[in-house]
Amino acid sequence: MDLVKQGQYWGIIAIQDNFTQAIKNKFIEFQTDPATLNASSLHLYLDMTNQQVLFTMQTALINSTEVFLKEILSSLGIDPSIADPPIIIEKPVYGSLAPKFVNFAAPGMMISIIFFLAIGLTGLLFVVEKKEGLLERTWITGVTTIELMFAHIIVKFFIQIIQVILLLTFTDYIFKIEIKGSIFLAAGIIFLQGICGMSYGFLISSLCDEEMEAMQVALGSVFPVLICSGIIWPLEGMPPVMHFISNFTPLTHTVEAMRCIAARSWSFTHFKVWFGFVNASSWSLGFFIIAAIIFAFRK
């Protein structure tokens, strides 16, 4: 127990001295008094601070206990199927019988990574140009704000393509995360979320005059969005208020669409998929228009 308290072990199993006899009394003589039930049980003292480790330990212990009970019943000439739980998990509609947390988190992480990288491409762009006087000189030559922003998007367009290709390559070949749906559909929604990130970077650039201000705004606004978007924690597990708020973030519906493509092999005809594209496009257009208006007023 002291080793668990010191963090060296995740838990211990306490077995009663008369465990074997109690098992026989319970399954052969059908004794169900509290003393027999207590002696025939494994008593676990766990460090339950890590949900994933806890879930893995519980699954392993339950499976091992079931195998042990079947062996005991077989040795006593009793049909071991009596130890089977009254639940039969059939072939999954989607996913596998041994789901992995990484398959749930990976689509959200891909979307958030490309979104954050895209903000970095444009978040400081106009801040630096304003400080060096390049922005004013560009406007004096007759170039409009919209033309300037589109020019930067076109230049960053090719960088964005490289980032998407590298992201999908690392996901598939390095981390071995399977995308069951169309790879082109997955690449499309990731790229579109990158455009959304670039548009948000333009908005940050339009509001800030110093590099430090832009970094603070980017970090201070992005991380709450990541937390509320169901990337790490499922939306169904959020409190009702947070669940409602999560519908109004740039990532939530795009992440859900990416999960549907990667895990369920859904196509563009499904509502969640095409709505994810619409959501990313709407946020991109909204950020772009607001940034252009702010630039126009601050000329």
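1. A quick definition before we start: a residue is called buried under 20% relative accessible area, exposed over 50%, and partly exposed in between. Glu211 has 27% relative accessibility, so Glu211 counts as partly exposed. Keep in mind that this is a predicted model.

2. Now for the charged pairs. Side chains of opposite charge can pair when their charged atoms come close. Searching the whole structure turns up four salt bridges, and I'll walk you through some of them here.

3. Start with Glu211, which forms a salt bridge with Lys131; their closest N and O atoms are 3.3 Å apart. Glu211 sits in helix H10 and Lys131 in helix H6, so this pair ties together parts that are 80 residues apart in sequence.

4. Lys131 has another partner to look at: Glu210, again with the closest N and O atoms 3.3 Å apart. Here too, distant parts of the chain are linked, with Lys131 in helix H6 (residues 125-132) and Glu210 in the loop between helix H9 (183-207) and helix H10 (211-228), 79 residues apart. Both ends are partly exposed, Lys131 at 47% relative accessible area and Glu210 at 36%.

5. What do Lys131, Glu210 and Glu211 form through the salt bridges that share partners? They are joined into one network.

6. For a local pair, go to helix H4 (residues 51-75), where Glu66 and Lys70 lie four residues apart, about one turn of the helix. They form a salt bridge, with 3.4 Å between the closest N and O atoms. Glu66, at 23% relative accessibility, counts as partly exposed, and so does Lys70, at 25%.

Methods
Residues numbered from 1 in each chain as written. Predicted model: local features only at pLDDT ≥ 70, side-chain atom pairs only at ≥ 80, totals over all residues. Heavy atoms only, no water. Salt bridge = Lys/Arg side-chain N within 4 Å of Asp/Glu carboxyl O. Helix = DSSP H or I, 4+ residues; strand = E, 2+ residues; numbered from the N terminus. Buried < 20%, exposed > 50% of the residue type's maximum accessible area, 1.4 Å probe, protein only.
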